[in-house]
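Here is a friendly briefing to read with the model open beside you. Have a look at the fold, and then go through the points below topic by topic.

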Amino acid sequence: MGFEDIFKHKPQIKESANARVNLIGEHTDYTGGYVMPTLLNFKNTVELSKNDEKKFVVFSQYFNEKKVFNDFIKSKNSDWSDYIKGCFFIFFDENKKIKLEHFNMYIKSTIPLGRGISSSSALCVSILKALNTYFNTQINEKHLAILAKKVENEYIGISSGIMDQMVSSIGRYEKAFFLDCLNLKYELINFPSNWKFCLIDSEVQRNLRSSSYNDRFNELKIAEKELDVEYLGGVDLNKFDSDKISDPTVIKRARHVVSENNRVLKAKECLLKDDINQFGKLMIESHNSYSKDFEASTADVDEIVKRSFQCGALGARLTGGGFGGFTVSLIEKEKFSDWYKKINKYYPKEKIFEV
Ligand code: GLA
């Protein structure tokens, strides 16, 4: 069932935004550091038309459900439509001169939800893009990402950073998106021709809201306070003074972020120098740090990472906010079919996605 089946007319606007996989740099965005994601082929598409009955009517193909509302009050039980209301709220709040209009909206997505590849950012970015096109508000890609982040932070209540929205709004296929999250300067870097990334789904459903994401955020903010720095991203690995932090758990969390930033910078150099072996090693180090110091992995995920490496990947790690979801592996192109054959003995092809 498409837009026309539901609303009996053609949409006026159609926009989409893609999911991402983060190659390295986890929880380094809201701590003023570096990240390096790339876009995936999975995408969220939004179609809309004006509603003349002063109602917002939204149909989600994924949930096969229609919601009708005429205010932007958030639901009490975390409903999917909260993201839509949040986008409208932030958009109209940002553009106070625009007279409120109502819409029919149809949302479809090929993005597996809750697996750490930023389905919610792609949703918010595509809705804001559609509103931007409809009202011709000329919001640029960077500002659009900032607004999408506001939806998550201020409306939904997740303390997430800016990585997902930036790459979803500005990123390009087959290019790494190196981002300095403090000043939002980015570089689009080509992948060397013999590199291949592949995702394996751990199938552990994660939900940023109910997971420990906000706890980690708070722990890192404690670390910044005790170290007396504005952002952990500015702390040099060699100058990281863990004695200043009182809680041993907080020390581990901060150590992950400080060392991870260092790894992202090294990984960028590897990409530019076509050093696939070293990039792979950095991914493994990143995963170990994410699993042991940040305690954001699960037994299933650790096993996928280990097996992928044993099957011939040069690096593998858990990607995204943590606590399950997708893993990403780096494989040399010539060895890809051999790796695939071996890993396929453990995981069915429905769980393996080539990037
Ligand atoms: C989620 C958040 C991002 C980032 C990652 C972890 O995807 O939305 O801002 O913090 O987790 O790196």
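A residue is called buried under 20% relative accessible area, exposed over 50%, and partly exposed in between, using a 1.4 Å probe and protein chains only. By that scale D274, at 39% relative accessibility, is partly exposed.

This is a predicted model, in which local features need pLDDT of at least 70 and side-chain atom pairs count only at pLDDT 80 or more, while totals for chains, interfaces and linings use all residues. Residues are numbered from 1 along each chain as its sequence is written, and side-chain values use heavy atoms, with hydrogens and water left out. Helices (H or I, at least four residues) and strands (E, at least two) are DSSP runs numbered from the N terminus.

**An enclosed helix**
- Helix α5 (residues 163-170) is largely enclosed by the rest of the structure, because eight of its eight residues are buried.
- Among these buried residues are M163, M166, V167 and I170, as well as D164 and Q165.
- They pack (contact means heavy atoms within 4.5 Å) against strands β1, β2, β6 and β7 and helices α3 and α4.

**Strand β5 and its partners**
- Six of the eight residues of strand β5 (residues 102-109) are buried, so this strand too is largely enclosed by the rest of the structure.
- Strands pair if DSSP finds at least two bridges between them; β2 and β5 do so over eight bridges, in the antiparallel sense.
- Within β5, F103 stands opposite K50.
- Strand β3 (residues 56-60) runs parallel to β5 and is joined to it by four bridges, with V57 opposite N104 in β5.

**Helices α2 and α4**
- Helix α2 (residues 81-94) packs on α4 at an angle of about 120°, and their axes are 9 Å apart. Axes are lines fitted to C-alpha atoms, for helices over the stretch in contact, and angles run from 0 to 180 degrees between N-to-C directions.
- The two helices, α2 and α4, are therefore oblique to each other: under 35 degrees counts as roughly parallel, over 145 as roughly antiparallel, 65 to 115 as roughly perpendicular, and the rest as oblique.
- The contact includes Y83, F89 and I90 from α2, and L147, V151 and Y155 from α4.

**Positive phi values**
- Most residues other than glycine have a negative phi.
- N64 has a positive phi near 50°; this residue lies in the loop between β3 and β4 and is exposed, at 54% relative accessible area.
- D274 has a positive phi near 60° and sits in the loop between α7 and α8.
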